[in-house]
Every structure is written in C-alpha cells, then in structure tokens.
Amino acid sequence: MASNSAGDWCLIESDPGVFTELITGFGVVGVQVEELYTLDESSIKHLDPILGLVFLFKVEKSEGKKETKPEPTEMALGDLDAKYCNIYFARQVITNACATIAMINILLNLDHKGVLLGDQLRNFKEFSGSFDCVTRGLALSNCSSVRNVHNSFARQTMFELEDKRGLEEEDSFHFVGFVPIDGRVYELDGLQTTPVDHGEYGDAGWMDRNRSCRPRGSW
C-alpha cells in the first residue's frame with residue numbers, strides 16, 4: 001500500500017463501458033456493467049444473473065449532505081451487529097471515488113463461481129479483512145494500484161474543475177451499491193456508518209426484493 005496523498009483521486013465518467021473496463025483493470029474476470037433504466041423483470045431478464053446494483057443519486061444541495069471523512073476510531077468492526085461481520089464494507093474517506101468504492105464493496109462480497117477477483121482485489125481483501133470499515137476505506141484510498149486504475153479513466157480537465165470550483169459548488173452525485181448476501185439485500189453506501197439491511201428476499205429472488213424496497217431517488 002502506498003502512502004501517497006489520497007486527494008489525487010479524480011472524477012471519472014458515469015458510463016457502464018468505463019466501469020466494465022475499470023473492474024477489468026482491477027483484474028476481475030466474469031463481470032460486466034450494464035446500464036438499467038428500469039427494474040421491470042421482463043426488461044432485465046436477459047441479464048441474469050444480476051450480481052449487484054449500483055444506483056446513481058443526485059445529492060440535493062438543500063439537503064446539505066456532503067461527503068465527509070470519518071475518523072478511523074468512529075466505527076470498529078467489533079461494534080457492528082453480528083449480522084454484518086460477514087459483509088465486506090469499506091467507508092468512503094475521500095472524494096471522487098464513490099463509484100469505485102461502490103463497485104469494490106459489491107465485488108468483495110460476491111460468491112459466484114463464474115467471477116474471479118484476480119490477485120489485486122483478492123490480496124487487498126485479505127490484507128484489510130480484519131480492519132474496521134473506516135480503516136478499510138483509508139487503506140483503499142492509499143492503495144496506489146487501485147487509484148492508478150481509477151485515475152486512468154479521467155478526463156484531464158476534471159482535475160482542474162475540482163480545484164477551481166470545489167465539490168460543494170457543483171451538482172453532486174453519489175453511487176450506492178446493493179448486493180444480495182446470505183438471503184438478504186444489503187445497501188452498501190460508503191457515506192453511511194454500516195451496511196443497510198433491506199430484509200430477506202425469499203424464493204422470488206433478490207431483484208424482486210430490491211423492487212419492493214425502492215431505493216431513494218435523491219437526498
């Protein structure tokens with residue numbers, strides 16, 4: 001792990017092709033990202049199996065929700081409810097990385113025979129598995145190999161826009177992951193202190209449960 005400044009993470013395009021190339025750059029095999037406009041079963045059946053969802057939300061300025069940097073002592077793994085201990089969850093401790101963190105949080109919870117994480121993410125999971133969720137986020141933000149792949153998908157001007165205007169002066173967007181784990185649907189939002197349990201999904205499948213919980217449209 002590198003100790004370089006975690007502030008060197010840049011904005012990347014919100015594009016399924018970019019995200020597929022991003023996770024391929026991490027060494028993951030057997031997964032691709034598709035853009036969805038609906039969760040209607042008939043419209044997405046051809047994509048089965050769907051292993052995780054990433055929702056893009058607009059953060060309304062009036063709500064005053066900002067990306068914050070939690071202190072490493074804020075939440076220890078031992079303080080979490082026992083049902084969360086088998087879930088890999090890293091907090092977001094730097095800006096511009098919410099899409100990457102959402103996807104990594106999903107990928108590190110997958111248990112599917114057709115998906116290979118690759119050495120980079122597998123080694124990172126083993127290295128940080130005993131950490132609390134904030135320290136996992138810090139470790140991820142300082143992981144130069146992950147950061148370099150992330151930054152390789154940036155446009156040059158995006159660094160300049162961030163420096164000149166700042167995150168709070170622009171429309172802000174945030175990515176949140178949803179993933180099935182042990183028969184339940186969990187929301188993995190790097191700005192929350194813990195995963196959010198949306199309940200059991202039963203025989204109908206996890207996508208049916210996800211339709212019923214209907215994630216928020218904005219903050």
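This is a predicted model: local features need pLDDT of at least 70, side-chain atom pairs count only at pLDDT 80 or more; totals for chains, interfaces and linings use all residues.

Reader: OK, and which residue does Phe19 form an aromatic pair with?

Author: With Phe175. The pair is edge-to-face, with 5.7 Å centre to centre and 85° between the planes. Phe175 is buried too, at a relative accessible area of 12%.

Reader: Where do Phe19 and Phe175 lie?

Author: Phe19 is in helix 1 (residues 16-25), while Phe175 is in strand 2 (residues 172-181), so the pair ties together parts that are 156 residues apart in sequence.

Reader: Nice. How many aromatic pairs are there?

Author: The count comes to 4. One of them is Phe127 with Phe131: their ring centres are 5.2 Å apart and the planes sit at 80°, so that pair is edge-to-face.

Reader: Which residues form an aromatic cluster?

Author: Phe55, Phe57 and Phe178 make up one. There's also a charge over a ring: the charged end of Arg136 sits over Tyr88, 4.3 Å from the ring centre.

Reader: Switching topic: which residues of helix 4 are buried?

Author: In helix 4 (residues 119-128), they are Leu121, Phe124 and Ser128. Looking down the helix axis, these buried residues fall within an arc of 60°, so they line one face of helix 4.

Reader: Why would residues three or four places apart point the same way?

Author: An α-helix has 3.6 residues a turn, so residues with that spacing end up pointing the same way.

Reader: Got it. What do the buried residues of helix 4 pack against?

Author: Two other helices: helix 3 (98-107) and helix 5 (133-141).

Reader: Let's zoom out. How many helices and strands does the protein have?

Author: There are 8 helices and 4 strands. From the N terminus, the order is α-α-β-α-α-α-α-α-β-β-β-α.

Reader: And how much of the protein counts as buried?

Author: Of its 219 residues, 45% do.

Reader: Last one: what share of the contacts join residues at least 24 apart?

Author: Among contacts between residues at least 6 apart in sequence, 74% do. The Phe19 and Phe175 pair, with its parts 156 residues apart, is a handy place to look at such a link.

Conventions
Residues are numbered from 1 along each chain as its sequence is written. Side-chain values use heavy atoms; hydrogens and water are left out. Rings of Phe, Tyr and Trp (its six-membered ring) pair if their centres lie within 6.5 Å; planes under 30 degrees apart count as stacked, over 60 as edge-to-face and the rest as tilted. Buried means under 20% relative accessible area, exposed over 50%, partly exposed in between (1.4 Å probe, protein chains only). A charge sits over a ring if NZ of Lys or CZ of Arg is within 6 Å of the ring centre and within 35 degrees of the ring normal. The arc is that of the directions from the helix axis to the C-beta atoms. Contact means heavy atoms within 4.5 Å.
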